[in-house]
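Reader: I would like to go through this model with you. Please set each label against its criterion.

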Amino acid sequence: MFLALAVVLGPDSGFPQSEAQDRTARVAALCAEGQLVEALEAARLDPAPNRAAKLEADVWWTAGDLGRALGAARAGLEVAPDDLALGSLATDLALALDLSNEAEHHVARLGLALASQPAEAPNLEWWHTRHAQLRAACEAAGLELSLRTRASVRARAVALIGAIGALVALTRLLRPGTTTPPRVIPPQ
Amino acid sequence: MPAPHRRGRRAALSLAVLVAGAGTMTIELSAVRLLAPWFGASAGVWTNVIGVVLFGLALGYLGGARLSMRPDPERQLVRLLCAAAVAAAFLPAAAGPIARWFMPAGVPLHDAAELLVWGSLAATLLLFSPAAILLGAVGPVAVEATQQTYGGGAGMAGGRVLGLSTLGSLVGTFGATHALLPGVGVRVTFLLAGLALFAAGLLLAWNGRQGRAAVAAALLVGALGVTLDYDPPGAGEGEVELAASDSAYQRVRVIERGAGEELTRYLRVNESLDSYQSIWTPQPGLLGAGYYYDHFALPLAFTDPSNPPARYSVLVIGLGAGTAVRVLEGVAPRATELDIVGFELDPEVVRLGALYFELREGPGRAYYDGLDGRAGLAQLERRFDQIVLDAYTNNMEIPPHLATVEFFRALRGALAPGGWLTANIGGFGPEDPVVAAMARTAAEGLGTSVVLVRVPFSRNMTLLARVGGEVPKPGDASWRFLPALDVLRGPLELPGAWTQVSPGVSGEHGASHTLGELLTDDRCPIEWLQLRSIQSASEAWKAGA
């Protein structure tokens with residue numbers, strides 16, 4: 001995760017490189033040592049809110065709490081909606097949490113942010129590839145969701161039709177006046 | 001004295017009624033097992049199956065009443081039995097395609113609740129209502145045929161048919177559960193039920209010299225059903241199925257994935273979805289992030305490294321294939337001798353554990369299979385330093401009798417002074433209905449505070465409690481970890497990862513926390529809470545919990 005962050009925190013991140021990389025390295029080192037409370041504090045102290053959000057999301061990811069990691073990424077996107085790294089991270093996390101609708105929202109926004117980048121922006125090719133991968137993953141997740149939704153609709157429809165059919169049959173079978181008079185059977 | 005051919009007809013008629021009763025119960029009791037690889041065998045699935053079969057029988061009785069007024073009730077009986085035989089013979093082959101229609105592959109556990117309920121109901125309707133209707137119709141037609149054969153009143157004929165049919169149902173009930181399902185498996189059980197119904201129809205046709213066309217048609221169509229296979233989910237992509245069997249409780253599979261150090265084996269039961277019951281890796285010890293079993297080592301992690309216990313006794317309730325044992329064996333200090341007792345309800349799981357998961361008995365290791373955790377606990381007269389509670393049924397359901405305040409009181413009695421309880425609870429956080437209820441109930445039953453710990457990268461929580469002692473908290477002097485287990489520490493120190501629940505009061509780092517339901521032997525709605533847990537999970541994540 002931190003390797004990915006190091007890549008995406010390239011020259012496009014808008015921060016002095018040494019400061020950004022130092023803080024990333026410090027948070028990564030604290031995470032590797034299991035000092036997650038200190039890592040979280042260090043991440044939150046970052047003066048750039050979008051970078052703080054990215055680092056905080058990474059700490060939560062390291063702790064295995066993907067829900068809070070996504071929460072941090074969402075908060076970062078509130079202040080920096082065009083942040084490519086945050087968009088990518090939020091998409092990844094939403095996919096991991098099986099929130100395919102949210103993942104599609106993030107990947108669409110990532111696509112728009114990418115389209116607005118100047119042609120000379122660094123790492124543009126890498127970002128296009130990344131976006132394509134995420135979009136494919138979102139499409140696969142969306143397909144799975146649609147399969148599940150269709151299965152659910154089918155199941156409800158069959159259950160409902162079955163219940164109605166059975167009730168109609170029951171009513172018809174119980175209707176008075178349709179039973180023939182009993183026959184008298186002579187003993188054999 | 002009746003003529004010999006009449007005696008044959010009477011015997012054939014009685015046998016037909018008996019077999020129809022047996023067939024009905026065999027199909028009903030095996031129905032859940034047939035569906036279990038896709039929908040599990042929860043109370044909800046059982047309810048759906050029983051409900052559909054009862055409704056089918058009701059329709060069958062009413063339809064059979066009409067049919068009984070037609071001429072030649074024995075001919076109708078032969079037709080009904082043959083049609084029911086064909087329906088039964090096709091059930092194993094039809095189960096896969098129909099179940100997959102309502103439960104596509106790859107559904108995660110937290111998205112499965114709706115599909116498990118509605119999907120199992122729809123699949124049950126399509127699969128089992130034809131056989132239930134046909135077998136229900138046998139009764140009234142058999143009453144008519146009995147009255148014509150034996151004479152006498154409707155009460156006499158009805159009583160005879162009901163008596164024989166109920167006796168047959170008894171045979172089907174005990175035979176399916178105790179002999180057929182564990183002995184020959186799900187597919188052969190249905191085929192045998194179909195064969196018995198067909199044989200009863202054949203005998204009746206033979207003696208009555210009627211309905212032979214139905215017999216011939218059933219033979220032809222039923223034979224096709226016999227040739228088709230039952231195809232429950234097997235190994236996924238990149239996986240190998242090492243073993244699969246139908247135990248008395250569930251369908252059990254051993255799946256292997258990866259190679260070398262990455263080699264991993266999973267024990268999966270029934271529908272499994274994206275979960276598993278046990279896991280094995282080549283090296284004993286911690287399994288890594290995402291595996292709740294690692295938290296069973298927390299009591300050992302808190303021990304003083306300069307003074308490890310010479311002997312450490314552990315009771316594992318819900319042994320499975322022995323994953324908890326293997327974790328503890330790998331992390332216990334060298335100077336500590338482990339003494340482990342394990343209870344596992346399903347003997348097949350223990351057998352597969354010995355074969356594929358290195359679950360071996362020997363000095364300091366005693367495993368009791370076929371023994372329910374609570375019943376076993378009542379028989380034990382010793383106390384343990386730690387109890388591991390990891391008992392589940394149908395992948396995600398905590399057995400109700402292992403979730404009550406009375407059970408936790410019994411656990412308290414089996415813990416040595418300062419002894420630990422470590423329990424795995426499937427749930428999505430401390431506010432999860434199941435987790436909150438279990439925490440409150442455990443706190444009340446044990447008479448001490450319990451701590452809930454979030455398991456990283458999973459949908460599980462670990463419940464920790466110490467009888468006659470305190471669970472160390474972040475910042476305490478006793479908050480120390482054995483070096484080999486220090487990897488567990490970091491995530492536990494983060495805000496929200498650690499929640500304390502006390503008897504009557506609860507709080508997360510001092511903040512208020514919803515008090516869960518108190519579960520008792522008298523009232524334990526754990527299955528309802530579990531359904532609510534799964535349904536609320538997606539919403540909680542969407543809200544960024």
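Reader: Which domains does the assignment give for chain B?
Author: This is a predicted model. In chain B, the assignment gives domain 1 (4–227) and domain 2 (278–542). Over C-alpha atoms, the centres of domain 1 of chain B and domain 2 of chain B are separated by 44 Å.

Reader: Why is A:Asn123 called partly exposed?
Author: A buried residue needs 20 or more other C-beta atoms within 10 Å, and an exposed one has 12 or fewer. A:Asn123 has 16 C-beta neighbours inside 10 Å, so A:Asn123 counts as partly exposed. A:Asn123 sits in the loop between α7 (100–115) and α8 of chain A. A:Asn123 is not a glycine, yet its phi is positive, about 60°.

Reader: What makes B:Asp72 partly exposed?
Author: The cut-offs are again 20 or more for buried and 12 or fewer for exposed. B:Asp72 has 14 other C-beta atoms within 10 Å, so B:Asp72 is partly exposed. B:Asp72 is found in the loop between α2 (43–67) and α3 (73–102) of chain B. Its phi is near 55°, a positive value in a residue other than glycine.

Reader: Which residues touch the most other members of the largest nonpolar core?
Author: They are A:Val59, A:Ala73, B:Leu328, B:Ala439, B:Val450 and B:Leu463, out of 124 residues. Helix α12 (residues 433–446) of chain B gives this core its largest share, nine residues. Apart from this core lies another, of 99 residues, including A:Ala159 and B:Trp38.

Reader: Which residues is B:Leu328 in contact with, leaving aside its neighbours within four places in sequence?
Author: B:Leu328 is in contact with B:Phe296, B:Ala297, B:Leu300, B:Val314 and B:Leu338. The cut-off for a contact is C-beta atoms within 7 Å.

Reader: How many residues does the contact take from chain A and from chain B?
Author: It takes 35 residues from chain A and 43 residues from chain B. On the side of chain A that touches chain B, α8(A) gives the most, with 16 residues. The residues of that side divide into 19 nonpolar, nine polar and seven charged.

Reader: Where in chain B is confidence lowest, and where is it highest?
Author: Strand β14 (residues 511–512) of chain B is lowest, at a mean of 40. Strand β8 (residues 384–389) of chain B is highest, at 97. Over residues 506–512 of chain B, pLDDT stays under 50. Chain B averages a pLDDT of 88, and 94% of the residues score at least 70. For the complex, the predictor gives an ipTM of 0.76 and a pTM of 0.81.

Key:
Residues are numbered from 1 along each chain as its sequence is written. Chains are lettered from A and ligands numbered from 1 in the order in which they are written. This is a predicted model: local features need pLDDT of at least 70, side-chain atom pairs count only at pLDDT 80 or more; totals for chains, interfaces and linings use all residues. Domain bounds come from an automatic or database domain assignment. A nonpolar core is a set of buried Ala, Val, Leu, Ile, Met, Phe, Trp, Tyr and Cys residues joined through C-beta atoms within 7 Å. Helices (H or I, at least four residues) and strands (E, at least two) are DSSP runs, numbered from the N terminus. Two residues are in contact if their C-beta atoms, placed from the backbone, lie within 7 Å. Ala, Val, Leu, Ile, Met, Phe, Trp, Tyr, Cys and Pro count as nonpolar, Asp, Glu, Lys and Arg as charged, and the others, Gly among them, as polar. pLDDT is the predictor's confidence in each residue, from 0 to 100.
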